Amino acid sequence: MPAPLSRPRLAVAIVALAAILLALVQLERARIGIERIPLAVGDTPATLYRLEGDAEAPLAVVAHGFGGSRQMMEAISLTLARAGLAVVSFDFRGQGRSAIPMSPDAFPNEAGSSGTTVQLVRQTLEVVEAARALPGIAGPPALIGHSMATDILVRAADRLPEVGPVALISAYSRQVTPETPARLLILSGQREGGLREVALEMARQVAPDAAEGQTVRAGAVERRASVAPYVGHAGVLWSPTTLRELRDWLAPGRDTPVAATGPWILLLLGGIVALVWPAAVLLPARGRPRPAVGWRFFAVLLLAPALPAALLALNFGASVLGLAGIGRIALFFGVWGGVQLALLAHYRGLDRRIDAAALALLLGASLLFALAMDRYAAAFLPTGPRVPLMALMACGTLPFMLAHAHLAREAGIARRILLALAPLLALGGAIAVEPERLGLSFTVLPVFLLFLLVFGTMGRWIGRFTGPLTIGLGLGLVLAWSFAASTPLFGAASRLVF
């Protein structure tokens, strides 16, 4: 029989539900009065944001960074639309909702360019041209981009007949000159030390003594390097300072409210995760779990998969589903988990019971988190080619998480850290040794860490009331979902099968 909710768990449930409701109200409130119109520019998915009833507005084109999406830029898009601009935000190839992979020629040549760069610049120009043809658009386009997009936008601006103000967030482009772009705002997070230096270098092309927070001019050229306090490479996108600086640069004189949605997104996602803790106690309790394996066997289980997983991933799976690097990642995780499961089955035995209620709670909570993430923070739903990609990834993530769940059961904090670090170090080492083979898939490393922090925490709470087979199956599917939904897609030259 499930245990009754204790007072602490009941209090957490009430607070979590209140937090979710409050966050949803605030996030939807930020969209009131703004039209969000889906667009398709050829094969590029995009969204038009503008004030309801606006007959004419200046254009702003917003581009995300590597591994990002339109959702990650929505606080900026809503803020600029509220200030009277017509904002077109789009997904680069291979990212967000785009079904077309990026060029596999991702490594820069001596000129600092690559096939991927050329492809994305062309895509940006197509979006700008289509956006300028929309009804009610006035004046030259303003360009706003983050991280990877900063270099793309500077290159695109050089090819446009006319361009309005440009804003680069977390910029690193080498294409900025003392003359172009003419009106340039460079924003960085306080924790982005190196990129803050790059921003100052851009401003000092115009005035050698330029300082952060100072607008400098030389003839028709105007520059400003500004810093958003307390935030880093991702948080800068939701910083109120960033949003105000963008509004004032692109729509001077408009003291409209900014869409500071970042704290509400965190509150919503945190509330969904926190709600699992009291919900888990409602599950029927299982019998006493088996004790953890000894440290010597645990060390063998950590070390044994590293070499075969890395070697097989480096030498097989170069192209699967017409995508580069994806097969290698699925193979790495599959071999890692397969080796551990074989050792566990032979020397210790495996859990063989599936609890439907616990599996439903884990998958249901994960789906709610994914839907909230996708609507307000970042693209997190597998669509188009990402659906078969999820099935492929599951071939690797299911054995990996089944082994992980068996080893993490009743494990202390030291063992859980080692369980996370060992595959990360092995995969990171393989990427460092052979970047040409595995470098395109490096984004799985931070995704895996975030997966463990969020979904691993939910799985641990639920795992106290069920067995590792249930948790391993659930988390294996969720990890496949996470990789498939968020990994940038690169095309491959051939279709090899591993």
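Modeller: Let us start with cavities: on a 1 Å grid over the protein atoms alone, a cavity is a set of points where a 1.4 Å probe fits but cannot get out, whereas a pocket is an open set with protein on both sides within 12 Å along at least five of seven lines; lining residues have an atom within 4 Å of a point. This is a predicted model, in which local features need pLDDT of at least 70 and side-chain atom pairs count only at pLDDT 80 or more, while totals for chains, interfaces and linings use all residues. Residues are numbered from 1 along each chain as its sequence is written, and side-chain values use heavy atoms, with hydrogens and water left out.

Colleague: Which residues line the second largest cavity?

Modeller: The lining consists of Trp-336, Gln-340, Phe-400, His-404, Leu-419 and Pro-423. The space inside is about 40 Å³, a volume being the space filled by probe spheres set on the points, which are joined across faces, edges and corners. At least two lining residues come from each of helix H10 (326-347), H12 and H13; helices (H or I, at least four residues) and strands (E, at least two) are DSSP runs, numbered from the N terminus.

Colleague: What lines the largest cavity?

Modeller: Leu-27, Arg-31, Glu-74, Ala-75, Leu-78, Thr-261, Ile-265 and Tyr-376 line the largest cavity, which holds about 60 Å³ of space. Helix H2 (residues 74-82) is the main contributor to this lining, with three residues. By class, five lining residues are nonpolar, one is polar and two are charged. Arg-31 and Glu-74 also belong, with Arg-36, to a network of salt bridges.

Colleague: What makes a contact a salt bridge?

Modeller: The criterion is a side-chain nitrogen of Lys or Arg within 4 Å of a carboxyl oxygen of Asp or Glu. Side chains of opposite charge can pair when their charged atoms come close. Asp-151 and Arg-155 have a N to O distance of 2.7 Å, and therefore meet the limit of 4 Å. Both residues lie in helix H4 (residues 148-159), four residues apart, about one turn of the helix, and both are buried. The whole structure has 15 salt bridges.

Colleague: Why is Glu-222 called buried?

Modeller: Buried means under 20% relative accessible area, exposed over 50%, and partly exposed in between (1.4 Å probe, protein chains only). Glu-222 has 13% relative accessibility, and therefore counts as buried. Its salt-bridge partner is Arg-217, with the closest N and O atoms 3.0 Å apart. Arg-217 is called exposed because its relative accessible area is 57%.

Colleague: How do you know which class Asp-248 and Arg-247 belong to?

Modeller: Asp-248 is at 40% relative accessibility, so it counts as partly exposed. Arg-247, at 7%, is therefore buried. Their side chains meet in a salt bridge at 3.0 Å, N to O.

Colleague: What makes a group of residues a nonpolar core?

Modeller: A nonpolar core is a set of buried Ala, Val, Leu, Ile, Met, Phe, Trp, Tyr and Cys residues joined through side-chain atoms within 4.5 Å. The largest such core has 108 residues, and those with the most contacts inside it include Ile-76, Leu-246 and Phe-451. Its largest share, ten residues, comes from H15. A second, separate core has 46 residues, among them Leu-184 and Met-202.

Technical notes: Ala, Val, Leu, Ile, Met, Phe, Trp, Tyr, Cys and Pro count as nonpolar, Asp, Glu, Lys and Arg as charged, and the others, Gly among them, as polar.
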